[in-house]
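Dear colleague,

Please find the structure below, together with its sequence.

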Amino acid sequence: KERIKIMTTWQPIETAPKDDLGKALIFDDGEPVVGEYLAGQSSWYDSELRWLDMATHWMPLPAAPTEE
């Protein structure tokens, strides 16, 4: 099996890709939320389209489980 390196540490929000969906974002009060970047708005939003203007860090979501 090929081993995949998984990022497990929070990264500054400025380093987040702007073309991927579903990033885990953290607010400065320490609460994580799943959100995405909407290029047309140049902003981060959660699944209910609330603006995530306090996001400071991000990390990718893990892959979905697979049956073995």
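**Nonpolar core**

The largest nonpolar core consists of seven residues: Ile 13, Ala 16, Tyr 37, Trp 44, Leu 52, Ala 55 and Trp 58. Such a core is a set of buried Ala, Val, Leu, Ile, Met, Phe, Trp, Tyr and Cys residues joined through side-chain atoms within 4.5 Å. Buried stands for under 20% relative accessible area, exposed for over 50%, and partly exposed for values in between (1.4 Å probe, protein chains only).

Please note that the model is predicted: local features need pLDDT of at least 70 and side-chain atom pairs count only at pLDDT 80 or more, while totals for chains, interfaces and linings use all residues. Residues are numbered from 1 along each chain as its sequence is written, and side-chain values use heavy atoms, with hydrogens and water left out.

**Aromatic pair**

Rings of Phe, Tyr and Trp (its six-membered ring) are taken as a pair if their centres lie within 6.5 Å; planes under 30 degrees apart are stacked, those over 60 edge-to-face, and the rest tilted. By this rule there is one aromatic pair. Tyr 37 and Trp 44 form it in an edge-to-face arrangement, at 5.1 Å centre to centre and with 65 degrees between the planes. Both Tyr 37 and Trp 44 are buried.

**Hairpin**

Strand β3 (residues 32-38) pairs with strand β4 (residues 43-46) in the antiparallel sense, over four bridges. Strands are DSSP runs (E, at least two residues) numbered from the N terminus, and two of them pair if DSSP finds at least two bridges between them. β3 and β4 form a hairpin with four residues between them, and Ser 42 in the turn has a positive phi of about 50 degrees. Leu 38 has Ser 43 in β4 as its bridge partner.

**Salt bridges**

There are two salt bridges, each defined as a side-chain nitrogen of Lys or Arg within 4 Å of a carboxyl oxygen of Asp or Glu. Asp 46 meets Arg 50 at 2.7 Å, N to O, and Glu 48 meets Arg 50 at 3.1 Å, N to O. Asp 46 is buried, at 6% relative accessible area, whereas Glu 48 is exposed at 54% and Arg 50 is partly exposed at 47%. Through shared partners, the salt bridges join Asp 46, Glu 48 and Arg 50 into one network.

With kind regards
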